[in-house]
Amino acid sequence: MTQILFPNDEGIVSAAALLRAACLVAIPTETVYGLAADATSEPAAAAVFAAKGRPDFNPLICHYPDAAAAATHVAFSPVAERLAQEFWPGPLTLVLPRRADCPVSARAGAGLPTLAVRVPAHPVARALLAACGFPLAAPSANRSGGVSPTTAAHVLADLHGRIAAVLDAGPCAVGLESTVLDLSGKAPRLLRPGGIPAEAIEACIGRLARGHTPGAAPQSPGLLASHYAPSLPLRLNATHAGEDEALLAFGVPLPAALVFNLSPSADVAEAAARLFAGLRWLDTEGARRGLRGIAAMPVPSHGLGAAINDRLRRASA
Ligand code: TXA
Ligand code: MG
């Protein structure tokens, strides 16, 4: 049984007690729901990989109450300090070198010399981090390779019975995962587009390198070809919907048997917030009605549109 906790004082105290006992609790963040565990506990991190079916070479993001707490575990460069100042708390994850005495479990960090750290903006996540007093390792709270959850119901659809509790604080405001930046190499590198547009980061620190360093470990799952995948096949840049296709619309919808409109007013931030809920709904409802696939209308690439298109490409691979 997975317990549903409410985001009041009592719920936070219960969640913190479960986490302290090395149990798993799904928690709201401004991006997506995370599957949280005590980052300093080896068995708790192992349980996260098991519950998600996540390959153990994929490291987890560690969540901290503030930049000062993160700086006790990883080494901040001047660029990292500037970014933390500008974008934390918020949907930006920084990959930085671990300090020698960093207590985060090797399991959580997949044995790497770097650690991905982030300070979430969601008030419930912040209250929980304050109550815990240890960092929370939290990947998105979905089965590995599937669509990230933006509601507690999504979490339960994937993980019911596999985790101790979910802290239900309603839908996530941003709806896409954090932007992941690698600051451990020579030049800042964008590993995953996300909730902070790359343009905003470049306005702060200058041009970013993109993608993975060729041949370097690890492969971020955010960079794996197939990820965020619904079970119905997804077709991109649709200019029509077939009779047996559901439609993921943006702006004025095309005619189709089943439609989920990301944003009737063609607003990319609204589309980002609704993307994962839309994919999940079209997937179940489309399959129930015997449809064979999902056709996605094009979304412009400005602002959060870049991260939306990244997720759609991976969902279609
Ligand atoms: O918004 C988010 O980032 C959400 C919420 C819960 O915070 N979390 C999330 O975690 O999306 P996850 O595990 O689904 O994605 C984390 C990404 C993966 O692509 C992982 O490979 C990468 O960050 N990552 C983690 N540690 C890394 C490291 N040391 N070096 C390179 N990439 C790393
Ligand atoms: Mg994920």
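Buried area is the accessible area, found with a 1.4 Å probe, that two parts lose on being put together, summed over both. The legends below describe a predicted model.

**View 1. The contact between domain 1 and domain 2.** The domain assignment divides the protein chain into domain 1, residues 3-210, and domain 2, residues 234-316. Taken over C-alpha atoms, the centres of domain 1 and domain 2 are separated by 27 Å. Domain 1 puts 21 residues into the contact and domain 2 puts in 14 residues. Between them the two domains bury about 1300 Å², and 60% of this lies on carbon and sulfur atoms. Of the area that domain 1 buries against domain 2, 42% comes from Val147, Leu176 and Pro193, more than from any other three residues.

**View 2. The open sheet of eleven strands.** Read across the sheet, the strand order is S1-S8-S2-S3-S7-S4-S6-S5-S9-S10-S11, and the pairing is mixed. Strand S1 (3-5) and strand S11 (209-210) are the edge strands, each pairing on one side only.

**View 3. Strand S9 and its two neighbours.** Strand S9 spans residues 179-182 and is covered on both faces: Thr179 and Leu181 are buried on one side, Val180 and Asp182 on the other. Strand S5 (residues 92-97) runs parallel to S9 and is joined to S9 by four bridges. Strand S10 (residues 189-192) pairs with S9 in the antiparallel sense over three bridges. S9 and S10 make a hairpin, with six residues between the two strands. Valine 180 of S9 has threonine 93 opposite, and valine 180 also stands opposite arginine 192 in S10.

**View 4. Strands S2 and S8, with helix H6.** Strand S2 (residues 25-27) and strand S8 (residues 165-167) run parallel and are joined by two bridges. Alanine 26 has valine 166 in S8 as its bridge partner. Helix H6 lies across S1, S2, S3 and S8, and runs at about 165° to S8.

**View 5. The largest nonpolar core, around Leu83 and Leu94.** This core holds 48 residues, of which Leu83 and Leu94 touch the most other members. At least two residues of the core come from each of strand S3 (34-38), helix H2 (42-52), helix H4 (78-87), S5, strand S6 (114-118), helix H6 (152-159) and helix H7 (198-205). H2 contributes the most, giving five residues to the core. Leaving out residues up to four places away in sequence, leucine 83 touches Trp88, Leu92, Leu94, Leu181, Leu183, Ile201, Cys204 and Ile205. Another core, of 28 residues, lies apart from this one, and includes Phe250, Ala272, Phe276 and Val299.

View 6. Histidine 122 is placed in the loop between S6 and helix H5 (123-132). Histidine 122 counts as buried because its relative accessibility is 14%, and buried means under 20%. Pro28, Thr29, Glu30 and Ala169 are touched by histidine 122, with residues up to four places away in sequence not counted.

Definitions and conventions:
Residues numbered from 1 in each chain as written. Chains lettered and ligands numbered in written order. Predicted model: local features only at pLDDT ≥ 70, side-chain atom pairs only at ≥ 80, totals over all residues. Heavy atoms only, no water. Buried < 20%, exposed > 50% of the residue type's maximum accessible area, 1.4 Å probe, protein only. Pairing = 2+ DSSP bridges. Core = buried A, V, L, I, M, F, W, Y, C linked by side-chain atoms within 4.5 Å. Contact = heavy atoms within 4.5 Å. Axes fitted to C-alpha atoms, helices over the stretch in contact; angles between N-to-C directions. Domains from an automatic or database assignment.
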